[in-house]
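Thanks, everyone. Let's take a quick walk through one model, starting with its strands. Please look at the screen.

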Amino acid sequence: MSPSASPLSGLADGATVVRPFVRWAGGKTRLLKHLRGHFPQTFGDYYEPFLGGGAVFFDHGHNASGRIVLADLNDELLNAWVQVRDDPTELLAALAEYDGLDTEPAYYEVRSRLAPADPIERAARFLYLNQTAWNGLWRVNRWGGFNVPWGARPFRGFQHDDLVAVSDALARVELRHEDFRDVLDEPSAGSFVYLDPPYLPVSDTSKFHGYTEKRFRAPDLGELAALCNELSDRGVFWVLSNRDTPLVRELFDGTATIHALTTRRSVAAQNRRDVQPIDSPEVIIVGPVDV
């Protein structure tokens, strides 16, 4: 892989810090400094049912003294996580096919292919598209076809030691292609759950919530809020992050503590393929736990 690939690991206070290996729209790396103060310092099992890029897991979830369960409904994403965990060396070999495919025609040729049946080759195609698509977005149509335009970005690949460090960090992790409702049946008292559900579209014409062919809608958010109340009743620590909207506040007002903040997001610039930073109103919602 390219020697200029961005490192996924580094050292902090003598310990290895592992960073997300995928670019993911809505990722929480920038929000970590606001989130950390709301996380429990000691907890048993850790659950994250909306995995995405896994920034919170890499930052805090690995501190679990019990099980670690990470889940997502995006099967392409989840397969990539599984292959990184189970066979990073073979995955790196498969990624070599994409070295030098940095042009727009090459991108669209790869995008037009059906996802390979072989899990390793499928993960390699996913990671290539993830690095070279516009703004790190993964968006599919209602039939599950990936349809994000070219991002005018080179494919940087991964360095062997970096991907192996990610694999090591996932050694004891359970990875599941599973709905959040099923995942949230399991946490018990003393567990910690971090929730980062897809943000609802800001308008009826917005297309950027289609991370899978199964859309996340307002009724799903309502079910999630009800499940969060159940988590609190079971003595489970939970933290949820989302866009600050009237619906979000209505669903969680009176049952949890809502912290408002503003963060910078990259969005599409009008009539251009590049992006512009904007101020985004966000909330961090912390469930009550009687311990």
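Strand 3, residues 46-48, and strand 6 run parallel and are joined by two bridges. Two strands pair if DSSP finds at least two bridges between them. Helices (H or I, at least four residues) and strands (E, at least two) are DSSP runs, numbered from the N terminus.

Before going on, the ground rules. This is a predicted model, where local features need pLDDT of at least 70 and side-chain atom pairs count only at pLDDT 80 or more, while totals for chains, interfaces and linings use all residues. Residues are numbered from 1 along each chain as its sequence is written, and side-chain values use heavy atoms, with hydrogens and water left out.

Back to the strands. Tyr-46 has Phe-192 of strand 6 as its bridge partner. Strand 6 is also joined to strand 7, residues 237-243, by four bridges, and these two run parallel. There, Tyr-194 stands opposite Val-239 of strand 7.

What covers strand 6? Side chains in a regular strand alternate between the two faces of the sheet. In strand 6, residues 192-195, both faces are covered. Phe-192 and Tyr-194 are buried on one side, Val-193 and Leu-195 on the other. Buried means under 20% relative accessible area; exposed is over 50%, and partly exposed is in between (1.4 Å probe, protein chains only).

Phe-192 also touches His-60. His-60 sits in the loop between helix 2 (55-59) and strand 4 (68-71). Buried or exposed? His-60 is buried, at 7% relative accessible area. Its contacts (heavy atoms within 4.5 Å) also include Phe-39, Pro-40, Gln-41 and Phe-43, leaving out residues up to four places away in sequence.

Next, helix 3, residues 75-86. Nine of its twelve residues are buried, so helix 3 is largely enclosed by the rest of the structure. Among them are Leu-77, Trp-81 and Val-84. The cover includes helix 2, strand 4, helix 6 and strand 5 (173-176). At the start of helix 3, a side-chain oxygen of Asn-74 comes within 3.1 Å of the backbone nitrogen of Glu-76.

Last, the cores. A nonpolar core is a set of buried Ala, Val, Leu, Ile, Met, Phe, Trp, Tyr and Cys residues joined through side-chain atoms within 4.5 Å. The largest has 60 residues, and Tyr-46 and Trp-81 are among those that touch the most other members. Helix 6, residues 119-132, gives the most to this core: seven residues. Another core, of 25 residues, lies apart from it and includes Phe-50 and Leu-221.

Conventions:
A polar contact is a pair of N or O atoms within 3.5 Å; within protein, one must be able to donate a hydrogen and the other to accept it, and residues adjacent in sequence count only if both atoms are side-chain atoms.
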